[in-house]
Amino acid sequence: MKTRIILAILLFQVTIFTAQESSQTFTSSIEKAHKKNAFMGKKYLKYTIDITFGGKKHLKGIITQEPGGGKIKIEKEDGSLIIFDGKEVYALGVNEKDMATARFDIFTWSYFLGLPYKLNDQGTIWSNFSDSKWGAENFTTGRLTFESGTGDAPDDWYVIYKNPKTNILEGAAYIVTFGKGKEKAEKEPHAIKYNQIEEVNSIPIATNWTFHMWSLKNGYEEQIGEAKLSNIKFLKEAEFIVPTKAKVVSVVPN
């Protein structure tokens, strides 16, 4: 009986070690391909973003952020402003009914840009490494979930698709639980597909993202949206001053 218990413990430890090794290998290869050290070594990043969903404009403006997302600012085309100063989200010129969307915007688009560099953030959990279909190809995938209390939406999950030939992060399936909860979100999972990667200061950055419906069987399916990035540049200085009349944008309960 004692021998069986010892064997069971050893098997469990080997399983945990193997999962850790898979996670480390999977994420580190992506980080290396995307030149994480160079990206995170920059002070600020600024770019123009133009996002449409269902043929309608969702957001157009300029985003300035720290590479890791510690501070983020969105200057929208309509003159409104959203700022995350590292602690709180603030908005100026945003209608009260659009406050929840403002909080979603400040975190979502900067996260999607920085996804190849966020794979080992605090609170990340990896599992289910396998090969899955992505369009006409099969890519290596890993499932990313989060510890309780991580960010605004810890119940979100991602399936990360890595090109096994280049180690580039080609896209990700995801759910958005923000404001609606996990059960409802899982009824309509989406995918982001990274296209037209360009080098900025020798760092690969996707300048075109398309958004799709998603299924595990097919990978990305019908296109539902698009984001175009332009005027991408790294900066040594940037301001994240919160205007005196800006309002705090609170967390939306799921």
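With which residue does Asp98 form a salt bridge, and how far apart are the closest N and O atoms? In this predicted model, the partner of Asp98 is Lys97, and the closest N and O atoms are 3.5 Å apart. Asp98 counts as partly exposed at 27% relative accessibility, whereas Lys97 is exposed at 68%.

## Overall architecture

The protein contains four helices and 13 strands. Of its 254 residues, 44% count as buried. Among contacts between residues at least 6 apart in sequence, 49% join residues at least 24 apart.

## Salt bridges

The whole structure holds six salt bridges. Three of them are set out below, with the distance between nitrogen and oxygen.

| Lys97 | Asp98 | 3.5 Å |

Lys60 is partly exposed, with a relative accessibility of 31%. Through shared partners, salt bridges join Lys57, Lys60 and Glu77 into one network.

Lys247 is partly exposed, at 47% relative accessible area, and Glu96 is exposed, at 57%.

In soluble globular proteins, nonpolar side chains tend to be buried together. Here the largest nonpolar core has 47 residues, of which Ile49, Trp109, Phe112, Tyr158, Ile160 and Trp209 touch the most other members. Helix α3 (residues 99-114) supplies the largest share of this core, namely seven residues. A second, separate core of ten residues includes Trp134, Trp157, Ala173 and Ala185.

Beyond residues up to four places away in sequence, Phe112 touches Tyr158, Tyr174, Ile192, Tyr194, Trp209 and Phe211. Phe112 is also part of one aromatic cluster, whose members include Phe53, Phe104, Trp109, Tyr158, Tyr174, Tyr194, Trp209 and Phe211.

## Aromatic pairs

The count of aromatic pairs comes to 22. Phe39 and Tyr117 form a stacked pair, because their ring centres are 3.9 Å apart and their planes meet at 5 degrees. Phe39 lies in helix α2 (residues 36-40) and Tyr117 in the loop between α3 and β6 (124-134), so the pair ties together parts that are 78 residues apart in sequence. Both residues, Phe39 and Tyr117, are buried.

Tyr44 and Phe240 form a tilted aromatic pair, with 5.7 Å from centre to centre and 40 degrees between the planes. This pair also links distant parts of the chain: Tyr44 is in strand β1 (residues 44-53) and Phe240 in the loop between β12 (219-235) and β13 (247-248), 196 residues apart. Tyr44 and Phe240 are both buried.

## Individual buried residues

Gln65 is in strand β2 (residues 56-65) and is buried, with a relative accessible area of 0%. Its side chain makes a polar contact of 2.6 Å with the side chain of Tyr47. Apart from residues up to four places away in sequence, Gln65 touches several residues, including Tyr44 and Phe240, the two partners of the tilted pair.

Glu170, in strand β9 (residues 169-174), is buried yet has no salt bridge. The nearest side chain of opposite charge, that of Lys193, is 6.4 Å away. The side chain of Glu170 does make a polar contact with the side chain of Asn163, at 3.0 Å. Excluding residues up to four places away in sequence, Glu170 touches Trp134, Phe139, Tyr161, Asn163, Ile192, Lys193 and Tyr194. Among these, Trp134 is a member of the second core, and Tyr194 is part of the aromatic cluster.

Val200 is located in strand β10 (residues 190-200) and counts as buried, at 12% relative accessibility. Leaving aside neighbours within four places in sequence, Val200 is in contact with Ile205, Ile232 and Phe234. Val200 and Phe39 are 161 residues apart in sequence, and their C-alpha atoms are 9.8 Å apart in space.

Terms used: Residues are numbered from 1 along each chain as its sequence is written. This is a predicted model: local features need pLDDT of at least 70, side-chain atom pairs count only at pLDDT 80 or more; totals for chains, interfaces and linings use all residues. Side-chain values use heavy atoms; hydrogens and water are left out. A nonpolar core is a set of buried Ala, Val, Leu, Ile, Met, Phe, Trp, Tyr and Cys residues joined through side-chain atoms within 4.5 Å. Buried means under 20% relative accessible area, exposed over 50%, partly exposed in between (1.4 Å probe, protein chains only). Helices (H or I, at least four residues) and strands (E, at least two) are DSSP runs, numbered from the N terminus. Contact means heavy atoms within 4.5 Å. Lys and Arg count as positive and Asp and Glu as negative; His and the chain ends are not counted. A salt bridge is a side-chain nitrogen of Lys or Arg within 4 Å of a carboxyl oxygen of Asp or Glu. A polar contact is a pair of N or O atoms within 3.5 Å; within protein, one must be able to donate a hydrogen and the other to accept it, and residues adjacent in sequence count only if both atoms are side-chain atoms. Rings of Phe, Tyr and Trp (its six-membered ring) pair if their centres lie within 6.5 Å; planes under 30 degrees apart count as stacked, over 60 as edge-to-face and the rest as tilted.
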